[in-house]
Amino acid sequence: MSFDQNAFLIIITASIISISCGLLGVFMMLRKMSMTGDAISHAVLPGIVIGFFVSGSQRGLEVIIGAGILGILATLIIDWLKNKAKVQLDASIGITFTLLFAIGIILINMLAYKVDLDQECVLYGEIAYLPIDLWITKAGFSMGPRITYLAVLNLVLVSGFIFLLYKELTLTSFDENFGLVIGLPAGAINLALMSMVSYTTVSSFEAVGAILVVALLVVPPATAFLWTKKLTSLIKLTCALGIFIAIAGYYMAYLVDSSIAGMMVAVAGVIFLGSAFVKSIKPNWIFGTSSSIKPLEN
Amino acid sequence: MIINVDSPVLEIHDLTVSYDQSPVLWNVDLSLPAGKLIGILGPNGAGKSTLIKAIMGLIPITGGYVKLFDRELNDVRSRISYVPQRESVDWNFPASVLDVVMMGTYGKLGLFRRPGKKEKKIAMDCLEKVGMQAFVDRQISELSGGQQQRVFIARALAQEADLYLMDEPFAGVDMATETAIFQLLQEMTAAGKTVIVVHHDIHSAMNYFDWIIMLNLHLVASGPKAQVVTEELLRKTYGGKLNLLTKVTDIIRQKDFNPLKS
């Protein structure tokens, strides 16, 4: 296989998206909120449609703002159902995102004649079209693939967010009450994280779709957590896995001529299952960290 | 018997706390002196942890108010330290012992700033005080229950506060560790700090605490140990027939002890 510029662009973009999702996914997993990430990625649909309708294009800032608002709204509804209405967490997640998602589907159908947007695009995305979807400046000069720019901007914002709030995110993920006691705005930090997840979902939906984004949020961190019990290693391993599944996913999709995003997630799933299997049969596996050491006393 | 003090470290006025409309703490009214080792005693479900959480602002108050150092909680957070129950967190979290103890310094650091050498030094000193310096780099998932508890206490020490609130710090801790921690707490109170501990072992409470709060939904007693530890007040707190001097250990063994029935 010789060097193919399109392949290179697709792999780079997919890697960047995987890393952004993985970085946020690590903290979602540690907060036991992976399913909230799932809920957000679906709940942003009406926001995307409304933003799309307002701006008349899927490139508008309105789309991201609309999705961001819906993502936060979904988080707030889930929290409210859980804390105030005493609904179980899994039930409140299930109710909230299906309701918002359904509203999104209805809106798409109602506005279908006005906007060029269909469920397929939002749900599945298609990263293979990336090289022909260029960012053309007003002077008519082509700057390269638009989605790559979006992904880079997203990664910069996500890693900046995590870099700045690393200690706060870690503390509130481990012990939220302690965070509140020492005066950290734990609620605001949580909402900020949810906003970043919403924004990342929207930024990535054209490439990998709203459903597969969930896999990128959940699977690489969960896989990495099987191998390490150290936060910095967990983050590094998650990023490395993100890059690996982008490369492997692309070439396997190329071989069988199928969806790249689908293949990426399939690869991620197989790696996870393989890791879980190896871990279950061989707890003292040489790659394992000291996690296998037993406590000194009980 | 409720003994009040002048210029209290902690003043609670007419505090009522309820979960889902049913009150779990009624009209608690007390004031506590500085520099004392204070124990909160009471049977299971008496509202001991609820009282601590209400003081720390972690659960909403239905009525009354709490004042710390004669101020609102938000003004004095940096002077208050908290040890939650060990079971309140997931110890499978990817962090080392040092990471967790350093969290105690985050309140003073403020947003965005990263812990540096100074914070690490504080954390190491605190780990030494609880005898955990050999475990600095160990992952917290590899600790035993007693070690986890000591890490939590070290984290609270790293807050360098004046008032410490500890929720069942001796649950699941062996006798040797309990004695060592009590000695540490006594050193702290000797240095002018105030330490409030939720405790369920009456026997060791008699040995170590200076001041005792007895709680059973209502406040039964609050005052110096010598004055409030009477058979009558203990019976009011724990219910049943209680001969303090001879049957203290029996109470502890009595697992399904329900003061409301007797």
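Since the model is predicted, local features need pLDDT of at least 70 and side-chain atom pairs count only at pLDDT 80 or more, while totals for chains, interfaces and linings use all residues. Residues are numbered from 1 along each chain as its sequence is written, and chains are lettered from A and ligands numbered from 1 in the order in which they are written.

**Chain A at a glance**

- Chain A has 12 helices and 2 strands; here helices (H or I, at least four residues) and strands (E, at least two) are DSSP runs, numbered from the N terminus.
- Reading from the N terminus, the order is α-α-α-α-α-α-β-β-α-α-α-α-α-α.
- Of the 298 residues in chain A, 47% are buried. Buried means that 20 or more other C-beta atoms lie within 10 Å of the residue's own, exposed means 12 or fewer, and partly exposed is in between, with C-beta atoms placed from the backbone.
- Take the contacts in chain A between residues at least 6 apart in sequence: 68% of them join residues at least 24 apart. A contact is a pair of residues whose C-beta atoms, placed from the backbone, lie within 7 Å.

**Helix 7 of chain A**

- The buried residues in helix 7 of chain A are Ile147(A), Thr148(A), Leu150(A), Ala151(A), Asn154(A), Leu155(A) and Val158(A). They sit on the same side of helix 7 of chain A because they cover an arc of only 155° around the axis; the arc is that of the directions from the helix axis to the C-beta atoms.
- On the face of helix 7 of chain A turned away from that buried side you'll find the exposed residues Val156(A), Gly160(A) and Phe163(A).
- The cover over the buried residues of helix 7 of chain A includes helix 1 (5–30), strand 2 (142–145) and helix 10 (186–227) of chain A.

**Chain B at a glance**

- Chain B comes with 10 helices and 9 strands.
- Its C-alpha atoms fill a box of roughly 55 × 40 × 40 Å along the principal axes.
- The radius of gyration of chain B is 18 Å, which agrees with the value near 18 Å for a compact globule of 262 residues. That radius is taken over C-alpha atoms, and the globule rule is 2.2 Å times the number of residues to the power 0.38.
- Buried residues account for 42% of the 262 residues in chain B.

**The largest nonpolar core**

- The largest nonpolar core holds 159 residues, and Ala43(A), Met264(A), Val101(B), Ala154(B) and Leu165(B) touch the most other members. Such a core is a set of buried Ala, Val, Leu, Ile, Met, Phe, Trp, Tyr and Cys residues joined through C-beta atoms within 7 Å.
- Helix 10 of chain A supplies the largest share of this core, 20 residues.
- Leaving aside neighbours within four places in sequence, Ala154(B) is in contact with Val101(B), Cys126(B), Leu127(B), Lys129(B), Val130(B) and Met132(B).

**Strand 6 of chain B**

- In strand 6 of chain B (residues 163–167), 5 of 5 residues are buried.
- Tyr164(B) is the bridge partner of Ser81(B) and stands opposite Val195(B) in strand 7 of chain B.

**Helix 9 of chain B**

- Leu234(B), Thr237(B) and Tyr238(B) are buried in helix 9 (residues 231–238) of chain B. These buried residues fall within an arc of 80° seen down the axis, so they line one face of helix 9 of chain B.
- Gly239(B), with a positive phi near 75°, follows helix 9 of chain B.

- Most residues other than glycine have a negative phi.
- Asp257(A) has a positive phi of about 55° and is found in the loop between helix 11 (231–256) and helix 12 (260–281) of chain A. Asp257(A) counts as exposed because it has 6 C-beta neighbours inside 10 Å.
- Asp14(B), with a positive phi near 50°, is found in strand 1 (residues 10–19) of chain B. With 11 C-beta neighbours inside 10 Å, Asp14(B) counts as exposed.

Key:
Two residues are in contact if their C-beta atoms, placed from the backbone, lie within 7 Å. Two strands pair if DSSP finds at least two bridges between them.
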